[in-house]
Amino acid sequence: MNNTNQSDRLRGLLEPLVSAKELDLEEIEVSRAGRRRVLRVIVDSEDGVELDTCAELSRSISEKLDETDAMGEDEYVLEVSSPGADRPLTEHRHYVRATGRLARLTLGEGGELVARILGVDDEGLDLEVPGVKGRKPTSRRVAFDEISRARVEIEFNRKDKKEEEA
């Protein structure tokens, strides 16, 4: 089975499972690590992806693949993850998805800016630049063609997740 077919077939099998969790299937990648094959499934959503959701999805994908021969007979390792916080923002939808998040932008003229993305349209971004030392944040507009690189900044939110002990 050639790669495009396998990829399409996997997408067909996995898309419904991913959609059932209200996630988008961003990418399916089959690669080889030595003798082992690695099936990497990248999922995302407007609200990001919880680790638990990745784990549940991983189980249901595993079961589905065991029922079919989509991965053939050879052993493989399944990895289900979200794109990773440090994925560069390259597509328009990546920016849209990062709305409300803090992003580090490298600007064409070499400057760097860390700001919260408030809005995205076809031309660029509406940003809120955090105030320094208790000053109020300021608004700033940056056009896409001014941005040479962008990625989401990791924020550690202090909300304690209730430990769901079974």
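**Close-up views of a predicted model**

View 1. Exposed means over 50% relative accessible area, buried under 20% and partly exposed in between, with a 1.4 Å probe and protein chains only. This is a predicted model: local features need pLDDT of at least 70, side-chain atom pairs count only at pLDDT 80 or more, and totals for chains, interfaces and linings use all residues. Residues are numbered from 1 along each chain as its sequence is written, and side-chain values use heavy atoms, leaving out hydrogens and water.

**View 2. The buried side of H2.** Thr53, Cys54, Leu57, Ile61 and Leu65 are buried in H2. They lie on the same side of H2, because their arc around the axis is only 95 degrees. The arc is taken from the directions between the helix axis and the C-beta atoms. An α-helix has 3.6 residues a turn, so residues three or four places apart point the same way.

**View 3. The length of H2.** Helix H2 runs over residues 51-67, 17 residues in all. Helices (H or I, at least four residues) and strands (E, at least two) are DSSP runs, numbered from the N terminus. At 1.5 Å a residue, H2 should span 24 Å, and its end C-alpha atoms are 25 Å apart, which agrees. The expected span is 1.5 Å times one less than the number of residues.

**View 4. Threonine 53 and its contacts.** Threonine 53 sits in helix H2. Its relative accessibility is 18%, so threonine 53 counts as buried. Leaving aside residues up to four places away in sequence, threonine 53 touches Lys21 and Leu23. Contact means heavy atoms within 4.5 Å.

**View 5. Two loop residues with positive phi.** Most residues other than glycine have a negative phi. Glutamate 22, not a glycine, has a positive phi of about 60 degrees. Glutamate 22 lies in the loop between helix H1 (3-20) and strand E1 (24-33). It is exposed, at 69% relative accessibility. Lysine 133 also has a positive phi, near 50 degrees. Its loop joins strand E6 (124-129) and strand E7 (138-143). Lysine 133 is exposed, at 81% relative accessibility.

**View 6. An aromatic pair.** The whole structure holds one aromatic pair. The ring centres of tyrosine 95 and phenylalanine 144 are 5.1 Å apart and the planes stand at 55 degrees, so the pair is tilted. Rings of Phe, Tyr and Trp (its six-membered ring) pair if their centres lie within 6.5 Å; planes under 30 degrees apart are stacked, over 60 edge-to-face, the rest tilted. Tyrosine 95 is in helix H3 (residues 92-97), and phenylalanine 144 is in the loop between E7 and strand E8 (147-152), 49 residues apart. Tyrosine 95 is buried, at 5% relative accessibility.
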